[in-house]
Amino acid sequence: MTSPTRKPRVLVIGAGFGGLAAAHELSRDGLADVTVLEKADGIGGVWRENTYPGAACDVPSNLYSYSFARKTDWGRRYAEQRDILGYIHDTADRFGLRKLVRTGVEVTSARYDDPSASWRVETSTGETFEADVLVPAVGQLSRPALPNIAGLDTFAGPSFHSAQWRHDVDLAGKRVAVLGTGASAIQFVPRIRRVAGRVTVFQRSAPYVIPKPDRAYTDAHHAAFRTVPGFAAAMRALIWEISEFFGLALTKVAPLARVIGVVAAVNLKRHIKDPVLRAKLTPDYPIGCKRVLFSSDWYPALACDNVDVETQAITEVTATGVRTADGVVHEVDVIVYGTGFKATEFLAPMTVTGRHGRDLQSEWAQGARAHLGMAVPGFPNMFLIYGPNTNLGSSSIILMMEQQARYIRQITEELARGGVARAFEVRAAVEQAYDAEVQSRLDAGVWTTCDSWYRASSGRVTTNWPGLVHEYQRRTRTAVLSDYEVVLPERAAEEVGA
């Protein structure tokens, strides 16, 4: 790289894994002047917010970490929330990222300023920031979703979403209703049933669940990771390839998916002996259509005497409990919503305005879309981390985020050259061709065969990447500058025209 003659101002929104990856890559070697705005009072993203009992990752810890900050002393094969958040804090301190972060500052709007070819960002504190490059890194799993059920506000007892866990609510001996059977519920239900008097799990659809081969790392493991040359790297590579094999089953090779389905069926049969309960817990949709879950204690928990599984549809929440379609009111003391996140509402509730007043949410009326999940026509120098169609059905999302940060760095390096303000806007034809390819591949896959959080209300799959991580990395390894048109400040463009 030639010496930069201009230091771009970069504004990153969000201080989770993605935002910090971008901050590290773009501030490295002094390339850009980076500021990270975080609405919460600390860094960590979903791992700061999700503190429910049993919160842990379902990707092996060796792979669920930055490539530039390998950790060799994880406590378990699948790290728990506390350890992951600690890793994020340690990494931020180690690489000087914390000094780039402003916490307690929520972005409310971002507007591209045509005359200066820069972004003006408004915040809840009343401060205004200006930047040459805008990098929204708010993620897909940052806004809790509550179900559309009548009477949610009428319940007299404590009720809360799993991502907003009420640690002040004592569940000992209580009757607890859990709405949802997703990735969070299968972690906290086995924990809370140990203390609760009774737990009623309200299930809309049964998940596929395969065993989670978790274990504590021993001193011998730690010694090997720390001292044996190449051992940690080899383990990371092996786990990556295994996860790619799993992704292959979900995206391309149906026979492999059927093998996973058999594993899930055997797991169910092994733990659930009651034929009535087993029928309730048997999925009625193709494997992979919804997220495949990993747990070795979910089924044993549901088989316990103090746990009930209710499959009747919920019609309303009352002051004393939950009413189902058969007219029964299940009286409870506490309600926990394990109902996931507003994954398809990208960048909401921020207002984002591009060139000549283009409104991003209007552009995304049929579902969010972006070239390589990062760039949107009409919104120059805005690049998303963990944007549309970059989520994974398997493997580590950190691999995707790091690659996106490297791609954005290449664009920023170009901006740093030449010493004149300008912006890169992805060509509409390039984005349209890319989106058509992605949607065609998704239409041929399993994710369009049932309703899930992967799909927008229009039916488009807006969250998931249809291929493997290796493919995405290959396609984003080099930023193709011809995919973009250079946008000059209107003042400069007028001068050139004159």
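## A quick tour, starting at a sheet edge

Select β8 and strand β17 (residues 334-337): three bridges join the two, and they run parallel. Strands here are DSSP runs of E with at least two residues, helices are runs of H or I with at least four, and both are numbered from the N terminus. You're looking at a predicted model, where local features need pLDDT of at least 70, side-chain atom pairs count only at pLDDT 80 or more, and totals for chains, interfaces and linings use all residues. Residues are numbered from 1 along each chain as its sequence is written, and side-chain values use heavy atoms, leaving out hydrogens and water.

Now pick His161; its bridge partner in β17 is Tyr337.

Widen the view to the open sheet of five strands, ordered β8-β17-β9-β10-β13 with parallel pairing (strands pair if DSSP finds at least two bridges between them). β8 (159-161) and β13 (307-310) each have a single partner strand, so one side of each is left without a neighbour in the sheet. Neighbouring strands are turned by 20° against each other on average, direction ignored.

Contact means heavy atoms within 4.5 Å; axes are lines fitted to C-alpha atoms, for helices over the stretch in contact, and angles run from 0 to 180 degrees between N-to-C directions.

Hop over to helix α6 (residues 231-251) and helix α7 (residues 254-271). Their axes come within 6 Å and cross at roughly 105°. That makes α6 roughly perpendicular to α7, the label for angles of 65 to 115 degrees. Show Phe245, Phe246, Leu248 and Ala249 of α6 with Leu256, Ala257 and Ile260 of α7 to see the contact. By class, this contact has seven nonpolar, no polar and no charged residues; nonpolar covers Ala, Val, Leu, Ile, Met, Phe, Trp, Tyr, Cys and Pro, charged covers Asp, Glu, Lys and Arg, and the others, Gly among them, are polar.

For another helix pair, select helix α11 (residues 397-416) and helix α13 (residues 469-476), whose axes come within 10 Å and cross at roughly 5°. α11 and α13 are therefore roughly parallel to each other, as angles under 35 degrees count. Residues making the contact include Leu399 and Tyr407 of α11 and Val469 and Tyr472 of α13. The contact divides into five nonpolar, five polar and one charged.

Note on methods: Angles under 35 degrees count as roughly parallel, over 145 as roughly antiparallel, 65 to 115 as roughly perpendicular and the rest as oblique.
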